[in-house]
Amino acid sequence: MINERNWAGNYKYSASELLIPENVEQVQEWVARSNRLKVLGTRHSFNGIADCTDSLLSLQKLNKVIALDQARNKVTVEGGIRYGELCQYLHSNGFALHNLASLPHITVAGACATASHGSGDLNGNLATVVDSLEIVKADGEAIVISRDQEDGILEGAVVGLGGLGVVTKLTLDVTPTFQMSQYVYDNLPLVQLKEHLDDIFSSAYSVSLFTDWKESTFNQVWIKRKITDETLDQMEPEFFGATQALAHKHPVPGMTSENCSEQMGVPGPWYERMPHFRLDFIPSAGEELQSEYFVSRQDAYDALCAIDQVKDQISPLLYVSEVRTIAQDHLWMSPCYMQESVGIHFTWKANWEAVQQVLPIIEQKLEPFHARPHWGKLFVMQPDQLQSLYVKLPDFQRLLRHCDPEGKFRNAYLKKYIMES
């Protein structure tokens, strides 16, 4: 038994060994000989999605950029590369990614497999820019699934939840590099979203709202703007009733802002502004738990009001809650499949006994809005209810059985939430 835990420390893995291959050929060899195997990324999942009772495989040494196709605006990377390192490479070569998550510390393969996301009305989750995948299947064969294939299987494979095999390479769409600035505003009343939700979230390239749910107010609004020749990067002192912050802020009240991305309108490269936290600092609050639920954009205000009704039960357990918009996509197991979405994120204090008592209350409040939980975070939703939210689930089940007939990559999590129906 290995003695390994996830990043937050709340989950202990049950595998008997941890494998760290040097190359794809070694991945193929170890996969072929294993009975049960799962891939471990940077361990930022809060549940058992990446666990396995037999072998865990880390791609930490498969973390290189393989090729940059400047003519086609594509970059090919190994699955274990982290966004922080990839972004620095792309920027130095004149390119950018369309979006980033709050943390630049996560791997590309892991983030895409769980539909991790950033913010922005026009920005799909991180998996939406995947052009092709190289996957080592259960028998050790390496196959390529591409957007060019007429069968459309890539849309099922990208958010694969670790069930198809080991993603050893990805080709991603990139764009020309650009500069951004970031401003923070204090105290946006929740009621402003009733009439102005679209205005607020469409006001910049990326917008995040933060609240501790102690009041019916968002403590902070983080506005990330793309700077162009036509943009006068100047913000008004007020923003829908919120006032511009006069000093750098951390999303969690009372915490130092030194590990946060630059604010106060100072221009900088896209990859230093889109994440909330800097690559060279420990991210977020430290020991914590996380949950997130996605609702349709048209239901977002009512869903937030429903959460507001139980804020007294939420706030004592909470560091901070973040609200972001994500563009719809066509990826089968994405929480944003075929719907413009709003993510309601909760960063909890490390008290699982108490948090698991409040999650059913939140999920009951969000049930009328058909809220979909984040695959890599904590939820208590019953499998049949979760499965009912994904119309492409039968197709995804068939894809899993095709790529992995014996279930080598199917752990307890996938059996419970995906295969048992």
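This is a predicted model: local features need pLDDT of at least 70, side-chain atom pairs count only at pLDDT 80 or more; totals for chains, interfaces and linings use all residues.
Me: Which class does Trp7 belong to?

Reply: Trp7 has a relative accessible area of 25%. Buried would need a value under 20% and exposed one over 50%, so Trp7, with its 25%, is partly exposed.

Me: How many aromatic pairs does the structure hold, and what kind of pair do Trp7 and Phe46 form?

Reply: The structure holds 13 aromatic pairs. In the pair of Trp7 and Phe46, the ring centres are 6.1 Å apart and the planes stand at 90°. Centres must lie within 6.5 Å for a pair, and planes over 60 degrees apart count as edge-to-face, so Trp7 and Phe46 are edge-to-face.

Me: How many residues apart in the chain are Trp7 and Phe46?

Reply: Trp7 belongs to the segment before strand 1 (17–19), whereas Phe46 belongs to the loop between strand 2 and strand 3 (55–58). The pair thus links distant parts of the chain, and the separation is 39 residues.

Me: What kind of pair do Phe210 and Trp222 make, and which strands hold them?

Reply: The centres of the two rings, Phe210 and Trp222, are 5.4 Å apart with planes at 65°, so this pair is edge-to-face. Parts that are 12 residues apart in sequence are tied together by the pair, because Phe210 lies in strand 12 (residues 206–211) and Trp222 in strand 13 (residues 217–227).

Me: What are the relative accessible areas of Phe210 and Trp222?

Reply: Phe210 counts as buried, and Trp222 is buried as well. The value for Phe210 is 3%, and the value for Trp222 is 0%.

Me: Which residue has its charged end over the ring of Phe178?

Reply: Phe178 belongs to a cluster that ring pairs form with Tyr205, Trp270 and Tyr271. Over the ring of Phe178, at 4.6 Å from its centre, sits the charged end of Lys226.

Me: Where does Asp308 lie, and in which helix, and is this residue buried or exposed?

Reply: Asp308 has its place in helix 6 (residues 300–308). Leaving aside neighbours within four places in sequence, Asp308 is in contact with Leu190, Trp213, Glu215 and Ser216. With a relative accessible area of 14%, Asp308 is buried.

Me: Which residues does Val158 contact, leaving aside its neighbours within four places in sequence?

Reply: Val158 has its place in the loop between helix 4 (154–157) and strand 9 (166–173), and its relative accessible area of 5% makes it buried. With neighbours within four places in sequence left aside, the residues in contact with Val158 are Cys112, Ala113, Ala127, Val130, Leu133 and Leu331.

Me: Which element gives the largest share of the lining of the second largest pocket?

Reply: The second largest pocket has a volume of about 390 Å³, and among its 26 lining residues those closest to its centre are Tyr11, Gly48, Asp51, Ala412 and Tyr413. The lining divides into 12 nonpolar, 6 polar and 8 charged residues. Strand 2 (37–40) and helix 11 (412–419) each supply at least two lining residues, and the largest share, 5 residues, comes from helix 11.

Key
Residues are numbered from 1 along each chain as its sequence is written. Side-chain values use heavy atoms; hydrogens and water are left out. On a 1 Å grid over the protein atoms alone, a cavity is a set of points where a 1.4 Å probe fits but cannot get out, and a pocket is an open set with protein on both sides within 12 Å along at least five of seven lines; lining residues have an atom within 4 Å of a point. Grid points are joined across faces, edges and corners, and a volume is the space filled by probe spheres set on the points. Helices (H or I, at least four residues) and strands (E, at least two) are DSSP runs, numbered from the N terminus. Ala, Val, Leu, Ile, Met, Phe, Trp, Tyr, Cys and Pro count as nonpolar, Asp, Glu, Lys and Arg as charged, and the others, Gly among them, as polar. Rings of Phe, Tyr and Trp (its six-membered ring) pair if their centres lie within 6.5 Å; planes under 30 degrees apart count as stacked, over 60 as edge-to-face and the rest as tilted. Buried means under 20% relative accessible area, exposed over 50%, partly exposed in between (1.4 Å probe, protein chains only). A charge sits over a ring if NZ of Lys or CZ of Arg is within 6 Å of the ring centre and within 35 degrees of the ring normal. Contact means heavy atoms within 4.5 Å.
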